[in-house]
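Q: Could you take me through this structure slowly, giving the cut-off behind each term as it comes up?
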Amino acid sequence: MPEKARSSTSGTTARTLLAFDFGLQRIGVAVGEAELGTAHPLPGVAARTQSGRLTAIERLVNQWQPSLLVVGRPLGEDGAPHEMTRRAERFARQLGGRFQLPVELVDERYSSAEVESRMRAAYGKRKTADLARGKTLDSHAAQIILEQYFGGKESA
């Protein structure tokens with residue numbers, strides 16, 4: 001079984017996390033380091049079949065050796081669960097079962113709006129539309145989900 005944490009040069013343990021923004025067409029992916037509280041988008045997963053998506057995720061798990069997986073939990077504006085909530089929760093259970101890693105769910109309300117706001121501020125409206133067509137926004141949403149996870153852990 002692979003080691004879940006790596007020692008850094010300072011002697012502390014570095015915990016790598018992978019985050020997912022679940023979608024029916026694409027799954028956004030981000031990687032982060034818990035001790036630094038940083039997250040970065042990775043290329044998303046766009047396989048057509050469930051087995052193809054899980055195979056792509058398995059490659060990411062093998063590459064990054066995360067100690068924890070984080071999945072965005074979509075909720076309605078009022079906090080009520082809906083069909084996509086149930087699908088994302090099922091996806092999270094599948095990940096935990098397949099990879100034998102702990103999985104945390106994070107309320108992802110407004111993550112897409114936050115991505116678009118950040119992109120508009122950084123690149124302008126036209127470039128943001130180009131990025132949306134290029135399917136990169138999903139992984140930026142996964143980055144925000146992971147940042148929200150880190151922020152929630154600091155206040156916990």
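Q: Which exposed residues does the face of α2 turned away from its buried side carry?
A: That face of α2 carries R90 and R93, where exposed stands for over 50% relative accessible area, buried for under 20% and partly exposed for what lies in between, with a 1.4 Å probe and protein chains only. The model is a predicted one, in which local features need pLDDT of at least 70 and side-chain atom pairs count only at pLDDT 80 or more, while totals for chains, interfaces and linings use all residues. Residues are numbered from 1 along each chain as its sequence is written, and side-chain values use heavy atoms, with hydrogens and water left out.

Q: What makes α2 a helix, and how does its span compare with the expected one?
A: Helices are DSSP runs of H or I with at least four residues, strands are runs of E with at least two, and both are numbered from the N terminus. Helix α2 covers residues 83–99, which is 17 residues. The expected span is 1.5 Å times one less than the number of residues, and α2 reaches 24 Å from its first C-alpha to its last, close to the 24 Å expected.

Q: Which residues of α2 are buried, and why are they said to be on the same side?
A: The buried residues of α2 are T85, A88, E89, F91, A92, L95, G96 and F99. They cover an arc of only 155° around the axis, and therefore lie on the same side of α2; the arc is taken from the directions from the helix axis to the C-beta atoms. An α-helix has 3.6 residues a turn, so residues three or four places apart point the same way.

Q: What do the buried residues of α2 pack against?
A: They pack against β3 (16–21), β4 (27–33), α1 (50–64), β6 (68–73) and β7 (103–107), contact being defined as heavy atoms within 4.5 Å.

Q: Why is the pair of F20 and F91 called edge-to-face?
A: Rings of Phe, Tyr and Trp (its six-membered ring) pair if their centres lie within 6.5 Å, and planes under 30 degrees apart count as stacked, over 60 as edge-to-face and the rest as tilted. The centres of F20 and F91 are 5.9 Å apart and their planes stand at 80°, so the pair is edge-to-face. Because F20 lies in strand β3 and F91 in helix α2, the pair ties together parts that are 71 residues apart in sequence. Both F20 and F91 are buried.

Q: How many aromatic pairs are found in the whole structure, and which residues do ring pairs link into a cluster?
A: The search finds 3 aromatic pairs, and ring pairs link F20, F22 and F91 into a cluster.
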